[in-house]
Amino acid sequence: MDVAIFILVVLVFVALSGALVRLVRVPLPVLQITIGAALAWPAKGLHVEIDPELFLLVFIPPLLFGDAFAAPKRELIGLRGPILDLAIGLVFFTIVGFGYALHWLVPSIPLVVAFALAAVLSPTDAVAVSSIVDRNVVPSRLMHILEGESLLNDASGLVMFRFAVAAALTGSFSFAGASLSFLYAVAAGILAGVAALFIAAKALQLLNRIGGVPAEAQVLVMILLPFVAYLGAEHVGASGILAAVTAGLLTGVSGMYRHLGVSARMQTLSLWATLTFVFNGALFILLGLQLPDIIRKVPPELSSRHWLIEPVATVLILTLCLIGLRFLWIWVGDIAQAIAARFGKREAAPFGFRVQLAGSVAGVRGAITLAGILSLPLALQDGSPFPARDVVIFLAAGVIICSLVIASFALPRIARGLVEPGEDPAAAEERRARVGAANAAIARIESIANEPGEGEAVEARLAVADSIVAGYRRRIAASDEAAEARAEAREAGRLELELRAAGIEAERSALRDMFRSQEINDHTMRALFSEITLTEALLKQRRDRK
């Protein structure tokens, strides 16, 4: 009962935060963390012990799957160079640079434990990035790079964290063994994501063959997909995070949605949006619930002279160190890209100082960092306490909060004016797609209406076709959704449904063609497919009433 009440309380405050964020001038994640800390601060307040493995299993697969599914694949593929550079190269650079800096700043932390903290702090948090970074103030190219990086660097950071912890436990480290294990974790994680996607597709095909299966059963398959991918990868010692991300990236382009009925597609889209909001909010509130206990247990190594000033200063210095390392890597990478472009005799696209600074500040840390650091073992193999465990947990929590606060308040000021006013390229692309799809529908309907027939049937078909085409032409003129024409006669209504179904299929086919030829990205395709699905559902409802 206590667990059920706790879950309900968290859900209530998630909903409340969604309303409060309209009244206060702080980003939603910061508000939710503050709410969690306020709930846990009193001695008799809410307190919960986080099981790191359960925490990762419940929250991370669906959230990363949702972010990967929504990510623009065309842009990610086009920016794969800088994304992989940050997701892999920057992780290793951060581990080395931050590890030595931490060991120098706090000598009581052994170097191998400092590397472990650096590894778990190296990934940026996809959920925090998408919640804090405003797409309207950050250039789209930088935003896509941040999205891609945050999806991939979780796997590399956590894999290296495990190696560092194993080295601390055993006292030995093999570079060759770690490299092979890293490659295995990545390759097997990708394969596990593909395998889970294949299993889900086959399950949906089987449900379709059975026939009459409730749409909710198909939706459940989609909800289970990220968990199957994650657990399958973890079972074989691979990266479950990378498996969930792989499944999310490939779901939209795998054609799985064609196995979902109209109702199932609508329910899946709606349910994922709700789950994402709820899980995001619950995650940050749970982060806030951990803060009071962590703050009350300030390690003596960090408060030998001043109880408050010394630990706060240490956290701030380490956060600025992370931002500085990130800025240095991006700056050097920009220079290297310009040199490579000059030798390759192609035009370079440098970011510039302010964009580099914005990209550095936007690298916030979040749930994966906290879950990873809380998974540190309590003791070494000989039974002695794990060295500096409380210190690194305190520092990790402090850096999470500090990075969130700095990004929330500094990023809008740094990025102000970086995006030039004018029509959003994504909006222009969507408008062109609407016109192209409507033109395809008009051509298909007119060809059906002009088919040979007899007398009144032909006249009725032409009259209904004219009505539908007029609606599509209004859509072209206003780039808006066509209004449904009301048929007065039963036969005219039946013909209208048939012609509209043909037009919808033509729209869907045209959008697929534009997507395959990369005229539009999956963001645009998904937005228009959602509208088509809603229209198709309305037609199905009318057909069922007849």
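Reader: Where does Ala388 lie?

Author: Ala388 lies in the loop between α15 and α16, where helices are DSSP runs of H or I with at least four residues, strands are E runs of at least two, and both are numbered from the N terminus. The model is predicted, local features need pLDDT of at least 70, side-chain atom pairs count only at pLDDT 80 or more, and totals for chains, interfaces and linings use all residues. Residues are numbered from 1 along each chain as its sequence is written, and side-chain values use heavy atoms, without hydrogens and water.

Reader: Why is Ala388 called buried?

Author: Its relative accessible area is 16%, and buried means under 20%, exposed over 50% and partly exposed in between (1.4 Å probe, protein chains only). Ala388 therefore counts as buried. Its phi is near 60°, a positive value in a residue other than glycine.

Reader: What makes Gln518 exposed?

Author: Gln518 has 52% relative accessibility, so it counts as exposed. Gln518 is in the loop between α19 (490-516) and α20 (522-545), and its phi, near 65°, is also positive in a residue other than glycine.

Reader: Is Glu459 buried or exposed?

Author: Glu459 is exposed, because its relative accessibility is 57%. Glu459 sits in helix α18 (residues 455-478). For the whole chain, 48% of the 546 residues count as buried, and the chain has 20 helices and 0 strands.

Reader: Why is α6 described as largely enclosed by the rest of the structure?

Author: Helix α6 (residues 111-121) has 11 residues and 8 of them are buried, so the description holds. Among the buried ones are Val113, Leu117 and Leu121. They pack against α5 (80-105), α8 (140-170), α13, α15 (367-374) and α16.

Reader: How do you know that α5 is oblique to α6?

Author: The two pack at an angle of about 130°, with axes 8 Å apart; axes are lines fitted to C-alpha atoms, for helices over the stretch in contact, and angles run from 0 to 180 degrees between N-to-C directions. Under 35 degrees is roughly parallel, over 145 roughly antiparallel, 65 to 115 roughly perpendicular, and the rest oblique. The angle of α5 to α6 is therefore oblique. Residues that meet include Phe98 and Leu102 in α5 and Leu117 in α6, a contact being heavy atoms within 4.5 Å. The contact of α5 with α6 has 12 nonpolar, 3 polar and no charged residues (Ala, Val, Leu, Ile, Met, Phe, Trp, Tyr, Cys and Pro are nonpolar, Asp, Glu, Lys and Arg charged, and the others, Gly among them, polar).

Reader: Why are α13 and α14 also called oblique?

Author: Helix α13 (residues 309-343) and helix α14 (residues 353-361) pack at about 140°, with axes 8 Å apart. That angle therefore makes them oblique to each other. Their contact divides into 7 nonpolar, 3 polar and 2 charged residues.

Reader: What makes up the largest nonpolar core?

Author: A nonpolar core is a set of buried Ala, Val, Leu, Ile, Met, Phe, Trp, Tyr and Cys residues joined through side-chain atoms within 4.5 Å. The largest has 104 residues, and Phe98, Leu102, Leu117 and Ile373 are among those with the most contacts inside it. Helix α16 (residues 389-415) gives the most, 15 residues. A second, separate core of 26 residues includes Ala188 and Leu207.

Reader: Which residues does Ile373 contact beyond its neighbours within four places in sequence?

Author: Ile373 touches Leu117, Val120, Phe161, Val392, Ile393 and Ala396.
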